[in-house]
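Welcome! Here is a short tour of one protein structure, arranged by topic. Please keep the sequence and the 3D view beside you as you read.

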Amino acid sequence: MRIKFLLTALIFAIGFGPSFAEVTPEEVTSPDYLYNHGHSKTIIDIVQTSKAGVNGEKYITTDEAKNANDPKLVRWIKNFFIYLDPALDDGKFMHHQVKPSPSYEDL
């Protein structure tokens, strides 16, 4: 009788043990969790930008923060070269209005 009880208790302990593991959506979308699971910095920025947009907050990526500290002349020169060659990265991934044609306001 004691053996049956111990085996039953062991089966329940093993069977219900993993069900107590809990991973919240906030934890799964945190930058540390994403980085530790092999995602790139761009994916982390996309997830954080999407979360901020859903919550009505503003999220500034690290590239945007670096570019915001540049003097106006440097930013103008960078934007000029980006205007000439649209393949250059402007550091505003998912943070700009898409326009069908370029204009002088892009500088």
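Leaving aside its neighbours within four places in sequence, which residues is D45 in contact with? D45 touches Y59 and T61, where contact means heavy atoms within 4.5 Å.

Before going further, please note that this is a predicted model, in which local features need pLDDT of at least 70 and side-chain atom pairs count only at pLDDT 80 or more, while totals for chains, interfaces and linings use all residues. Residues are numbered from 1 along each chain as its sequence is written, and side-chain values use heavy atoms, with hydrogens and water left out.

**The overall picture**

- The protein has 6 helices and 0 strands; helices (H or I, at least four residues) and strands (E, at least two) are DSSP runs, numbered from the N terminus.
- Along the sequence, this gives the pattern α-α-α-α-α-α.
- Of the 107 residues in the protein, 9% are buried; buried means under 20% relative accessible area, exposed means over 50%, and partly exposed lies in between (1.4 Å probe, protein chains only).
- The protein exposes about 9,200 Å², and carbon and sulfur atoms supply 65% of that area; accessible areas come from the Shrake-Rupley method with a 1.4 Å probe, and for residues only the protein chains shown count as cover.
- Among contacts between residues at least 6 apart in sequence, 36% join residues at least 24 apart.

**Charged residues**

- The structure holds 2 salt bridges; a salt bridge is a side-chain nitrogen of Lys or Arg within 4 Å of a carboxyl oxygen of Asp or Glu.
- One of them joins K51 and E26, with the closest N and O atoms 3.3 Å apart. This pair links distant parts of the chain, as K51 sits in helix α4 and E26 in helix α2 (residues 25–28), 25 residues apart.
- E26 is exposed, because its relative accessible area is 56%.
- K78 forms a salt bridge with D70, and here the closest N and O atoms are 2.7 Å apart. K78 has 36% relative accessibility, so K78 counts as partly exposed.
- D45, found in helix α4 (residues 41–55), is buried yet has no salt bridge. The nearest side chain of opposite charge is K41, 4.1 Å away; Lys and Arg count as positive and Asp and Glu as negative, while His and the chain ends are not counted.

**Aromatic rings**

- The whole structure has 2 aromatic pairs; rings of Phe, Tyr and Trp (its six-membered ring) pair if their centres lie within 6.5 Å, and planes under 30 degrees apart count as stacked, over 60 as edge-to-face and the rest as tilted.
- W76 and F80 form a stacked pair, at 5.5 Å centre to centre with 10 degrees between the planes.
- W76 and F80 are separated by about one helical turn because they are 4 residues apart in helix α6. The rings of F80 and F81 have centres 5.9 Å apart and planes at 65 degrees, so that pair is edge-to-face.
- W76, F80 and F81 form one aromatic cluster.

**A nonpolar surface patch**

- L73, W76, I77, F80, F81, Y83, L84 and L88 form a nonpolar patch on the surface, with about 770 Å² of accessible area together.
- Patches are made of residues with over 30% relative accessible area and no salt bridge; like charges are joined within 9 Å and nonpolar side chains (Val, Leu, Ile, Met, Phe, Trp, Tyr) within 5 Å.
- F80 lies in helix α6 (residues 72–84).
- W76 counts as partly exposed at 42% relative accessibility, and F81 counts as partly exposed at 46%.
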